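Subject: Structure handover

Hello,

I am passing on the structure we talked about. My notes follow below it.

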Amino acid sequence: MSKNKLQVSIHSLILSLFPIHPKAINEQIHTQVFSEVQKLWKSYESKLRSQIQSLSLNKIDQEAKIKTHVYENLLKNLETLQEARKNHFNTGSRPSHWWPDSNDIYLSNRVPAYSHTFRFQDNTIYFTLEETFSGKGMDKSARKKLYLLSEIPVKQYSSIVQISFQFRSLTDEEITEFGRQPKQESINNAMLKTLRKLLRKFSILVDVDSSHFIETLSFHISLFAQENDPLILHKHLFDYYADLINKLLRIDSGNLSQVNFLSKIEKEKDDYLLRKTNSWFLLKLAKLLATFEDLLISIWSKKSLVSQTEYVITLGKLAEWIGSDFVEEISDSIVSNEKQIKEWVDLYKIDPITIKEQLRDSELRKLFPIDTGYFNTDFKWKLLNALPDIPIHDLLDGYIYKSDNWYALNSLQEIWSGKIKCIYIDPPYNTGNDDFLYKDNFDRYEWMVMMRNRLELAKTYLTDDGVIITSIDDNEMSNLKLLLDEIFDNNSIGPIIVQTNPRGRTLDKHLAKTHEYLLIYALNKDHTNTLFKIPKSENQLAEYNKVDDSGRSYRLIELRNRNPRFNRTNRPNLYYPIYTNQNTFQISLTQSAEFPIEILPKTSRNVDDCWTWSKEKTLTNRDLLVSKKVATGAWRVFRKNYLDKKGESSTTKEKSMWTEGSLSNERGREQLRDLFGSHTHDYPKSVNYIERVVQLATDDNHVIMDFFAGSGTTAHAVMQLNQKNQTKNQFLLIEKSNQLKNVILPRIKKLAYSYQWKEGSPIDKSGQGVFLQYQVLEQPMEEIFTKVGLGGNVSSMNLKYNFTDKKLQVQVENLSNPFNNFPEIERAEFKKNTSSDYIYTANQLLGLNPSSIRYDFHNGIQYLFIIGVIDEQKTLLVWRNAGNLDFKKDKKILEQNLVNTQISQIFVNDFCLLDQYTQIESIFGSMITTKA
């Protein structure tokens, strides 16, 4: 084997070994990785030459032949490493053991690239993605989305050539060309042919027909148009590789000493030394690969900064809490906000001509929700500043976070850990459909790792008596149950079978499946005694058709134990006679002239049975027992079962099978069509279904989390149940896709106005308003690699410094000026600021839920005072633009705001003259960067 051939093989193998998905990194990093590999190769060549020269016969003339065999051995070892990684970590593999290792980490990367730039000679080629990505997320479209050229694909700007792409489903004509199961690779080849023709027109690209340019362009199209496959990383990759390499060293895999011209070499010694040189190269390579794996893990483990925080609040709630004068005060700002007005016109089908008149009427406008995302920051602070001086958390109906759910679960622990009563999720299953934000045709190992990572984090969010309830179908039910058994220490409360498709799935090969499962697990099932007791149904209530003298409703239940497992033989102490009076129907345990009739617990066939109560209990509760002569002429004893018990409404245990038609997926689709007037989501759960789940596990003043939020049915169910039961439960949703903007927020705003809709129009005004907070969280893996380059070399010595210590940390100057006005960028998903929202990030990382927010100007300087509780200590956070502070005046302002507050701890951004405080900058970085 030639040196060049081996290097080509090494390049190919390293691509498969290299853990960073090309799409997740920039070209500079990719190039420098292979620069490091080239340096490593030169060192290897030098060591190998020295080793050959030291062989027993020192046959320099045989060096080339010896190298050939050493290279072959090295290649076999590299292939072994490649196969090992494929079997355990790589996407699309079929591992020999599919149970997920707790050291494995699943990285989601299901977001299309919006730009990509590369240099060719002295030219710049810029790829851009038109805003055609719908981001339906949980919506399983019938056609998967692919990268295609836009209608005008090539433009020139001075020395830059821009190539524009779209990310969309194929048209019918394109399906005819590429087939019904199109592959991105085939489309890439077609795009390459088209681009070669178009690019000939641009003078700055003189080599468009050269093979080098074509290969380069093809490579970058492939990078840009990746399948967005997720990655599986390993926390201890080097240890894993090192163990395998040491095993290879002990095995005579190449058997170099058996080659004829090496027959006189001291076989064992020289063969071992040659293979040890290869082992040295492999270990160095493994260290380099593991260094980049560690980099990804450090970024993946980083706490997310808050990019944007907004509120939605109906005008009626503002008037109720603050007063109608405040609403009048801000009404001009509202009426002049065209974006807000347009949203109300679109949501509620209001005549745009009359809407501004309605806004002047306090009764007509009370259900209209303000979205602070349409207003400037000063308006938002003014609104929050006016709220009552009670915890904002107590006023909010819910929270929504736009984020990959792992990032959100990893970043929100301080503020939400131990506070969630019920987690409900409907995760993706292996249904075979490709077009899914969380890849829907997972390899089993991959799917299990993805779920393990998230479930282990989710567990920390539950209250002591909290539960997690998961919808799942047959594809992954058994695997998920095993995983939940492990994570939740076998605290299974049991599965519920739910009939979600009464007609059956017609595409199923053998059986038309009609059901799915609810897997229910508790943090500690011994602490869930108050859960799973639900109100009785109308049919059940109808059974309580008798009323006693005090007006209490009851029904009669036979005292005989009707369970066939119990009878006189195995419960002899429950077999005894009861005596009755044939006129009064009262009972006694003693036979007398007043109670002459003996009644024994016998079946209709006169077989001895037993009572459900002991003699002692019967004697104590005899006033609850009555006799009755049945149709056969036999006497029976019945007990009164009251509807209310000890002053509380009677409940019943939930059944393990749900078959009501209102729980079907079709009902969920109808409900969304009624709300929006058109199809918005393929597989929504029925609101009735989720209502029943929520009722199962919560009562009042609880938080219900859904971190696969989809179309927001969980929020819908919580809001509707609060209205029905006059409760104050809150929803907490996490959703990565653009469903938040397109479906979830509009859905909640519609429900704030009315719960009754038809064809997208409200039937009445039955809504109760809403107050919610929604946030966009930074996605470190996706954002950092697109914003920063890597200077210098990428050796393991300085890699961590370059990224973890410099690029992942917060810049101090940003914390010193938190109110700077940054230009806003309109993106497909959300309005974003170029700087993160450090104020809300600090709240969440410290675990502070504000009880009051005061925003004010002093001496021309903006101040924000946030009061809340952290670890049962009353805490004050102070933010101000510190660049032009007079610190003596600043101290007086701070002291004035501390008077009579009984504050236990103070956090202040930048320097101040207070005697005791913690500078936020000093702790911010350590809170952001964590270990996986």
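N665 has a relative accessibility of 16%, under the 20% limit, so N665 counts as buried. This is a predicted model, so please read the values as computed from it. N665 is located in helix α21, which covers residues 665-676. Leaving out residues up to four places away in sequence, the contacts of N665 are T500, P684 and K685.

Next, a helix pair. Helix α22 (residues 687-697) and helix α23 (residues 713-725) have axes that come within 8 Å and cross at roughly 65°. Angles of 65 to 115 degrees count as roughly perpendicular, so α22 is roughly perpendicular to α23. The crossing of these two helices is right-handed. On the α22 side, the contact is made by V687, I690, E691, V694 and Q695. On the α23 side, the residues are T713, T714, H716, A717, V718, Q720, L721, K724 and N725. By class, the contact between α22 and α23 holds six nonpolar, six polar and two charged residues.

Last, a sheet. Five strands form an open sheet with mixed pairing, in the order β33-β34-β35-β36-β37. β33 (849-858) and β37 (918-919) are the edge strands, each pairing on one side only. The pairing of β33 with β34 (residues 861-870) is antiparallel and runs over nine bridges. Within β34, I866 is the bridge partner of I853. Helix α29 (residues 887-896) lies across β33, β34 and β35 (873-880), and runs at about 40° to β34.

Regards

Terms used
Residues are numbered from 1 along each chain as its sequence is written. This is a predicted model: local features need pLDDT of at least 70, side-chain atom pairs count only at pLDDT 80 or more; totals for chains, interfaces and linings use all residues. Side-chain values use heavy atoms; hydrogens and water are left out. Axes are lines fitted to C-alpha atoms, for helices over the stretch in contact, and angles run from 0 to 180 degrees between N-to-C directions. Helices (H or I, at least four residues) and strands (E, at least two) are DSSP runs, numbered from the N terminus. Angles under 35 degrees count as roughly parallel, over 145 as roughly antiparallel, 65 to 115 as roughly perpendicular and the rest as oblique. A crossing is left-handed if the near helix is turned anticlockwise from the far one by less than a right angle, and right-handed if clockwise. Contact means heavy atoms within 4.5 Å. Ala, Val, Leu, Ile, Met, Phe, Trp, Tyr, Cys and Pro count as nonpolar, Asp, Glu, Lys and Arg as charged, and the others, Gly among them, as polar. Buried means under 20% relative accessible area, exposed over 50%, partly exposed in between (1.4 Å probe, protein chains only). Two strands pair if DSSP finds at least two bridges between them.
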